[in-house]
Amino acid sequence: MKTIFVLATLVAFATASVVPDSRALKDDFQEFADLVPLEKLVGVALRYLLTDAEFKEFFGYLQGAEFSTVWDQFFAMKEVEDVLNYLEDADLAVYDALNTVADFLGLNHVKPAVRSLNPRGMNGFVDEILALMPLKEFEALFEEKLKTSAEFKAFFEKLRNLDYTKFVDLYHNSKEVQSLLQKLRNYGIDVDGFLDLVSGFFGWGKF
């Protein structure tokens, strides 16, 4: 029970300080974290650390070589790694939380697998970039500029009036362009959907 208590206190402290904001699995975890009376738990732990010999002895054990080996063995398990990567992919900064505990106890850091750093290849990269872009704000600013800026409107009209058939010819007749587009398709990127979006936006025909 004491092991669970100490680790729960440390993990609660770490998790409460790294769980980010936006609705998803991380928000479910945040609701549990919100139930933890963190300041009271830390206060109790500090009081025992200062006044209780048995607790101090156990805390010393957590900082020792034997527990360090247990820690390393546990987090080397593939099943544990899979769970951590699942949580990390759900935007829970679980490695940061665990490494806060590790730093506090003087243990080795838990290192994420390479796949969790780049979990979805090029398609994942595009998704993450798009997620960072303030698309609604861009759309609102675009509409505003069409109404308020003669220069911007003239530029947009120039793009709309381009001879898009030249792009269509390049699309169909260049083996290098076809090779590039196919490579992007192989990465799982919706190239054809993007081209349809662009042509529709400018009022061009189909590619």
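User: How many salt bridges does a search of the whole structure find?

Analyst: Four. Keep in mind that this is a predicted model.

User: Why is the contact between Asp82 and Lys78 called a salt bridge?

Analyst: The closest N and O atoms of Asp82 and Lys78 are 3.0 Å apart. The cut-off is 4 Å, between a side-chain nitrogen of Lys or Arg and a carboxyl oxygen of Asp or Glu. The pair therefore qualifies.

User: What separates Asp82 and Lys78 along helix α6?

Analyst: About one helical turn, because they are four residues apart in that helix, which spans residues 78-89.

User: What makes Asp192 and Arg185 a salt bridge?

Analyst: Their closest N and O atoms are 2.9 Å apart. That is within 4 Å, so the name applies.

User: Which parts does the pair of Lys206 and Asp196 tie together?

Analyst: Asp196 lies in helix α14 (191-202), and Lys206 in the segment after α14. The pair therefore ties together parts that are ten residues apart in sequence. Lys206 is exposed at 64%, and Asp196 is partly exposed at 35%.

User: How many aromatic pairs does the structure hold?

Analyst: It holds 15.

User: Why is the pair of Phe59 and Phe104 called edge-to-face?

Analyst: Their ring centres are 6.0 Å apart, and their planes meet at 70°. Pairing needs centres within 6.5 Å, and edge-to-face needs planes over 60 degrees apart. Both conditions hold, so the pair is edge-to-face.

User: Where do Phe59 and Phe104 lie in the chain?

Analyst: Phe59 is in helix α4 (residues 53-62) and Phe104 in helix α7 (residues 94-105). They are 45 residues apart, and the pair links distant parts of the chain.

User: Is Phe59 buried or exposed?

Analyst: Phe59 has a relative accessible area of 13%. That is under 20%, so Phe59 is buried. Phe104, at 48%, counts as partly exposed.

Key: Residues are numbered from 1 along each chain as its sequence is written. This is a predicted model: local features need pLDDT of at least 70, side-chain atom pairs count only at pLDDT 80 or more; totals for chains, interfaces and linings use all residues. Side-chain values use heavy atoms; hydrogens and water are left out. Helices (H or I, at least four residues) and strands (E, at least two) are DSSP runs, numbered from the N terminus. Buried means under 20% relative accessible area, exposed over 50%, partly exposed in between (1.4 Å probe, protein chains only). Rings of Phe, Tyr and Trp (its six-membered ring) pair if their centres lie within 6.5 Å; planes under 30 degrees apart count as stacked, over 60 as edge-to-face and the rest as tilted.
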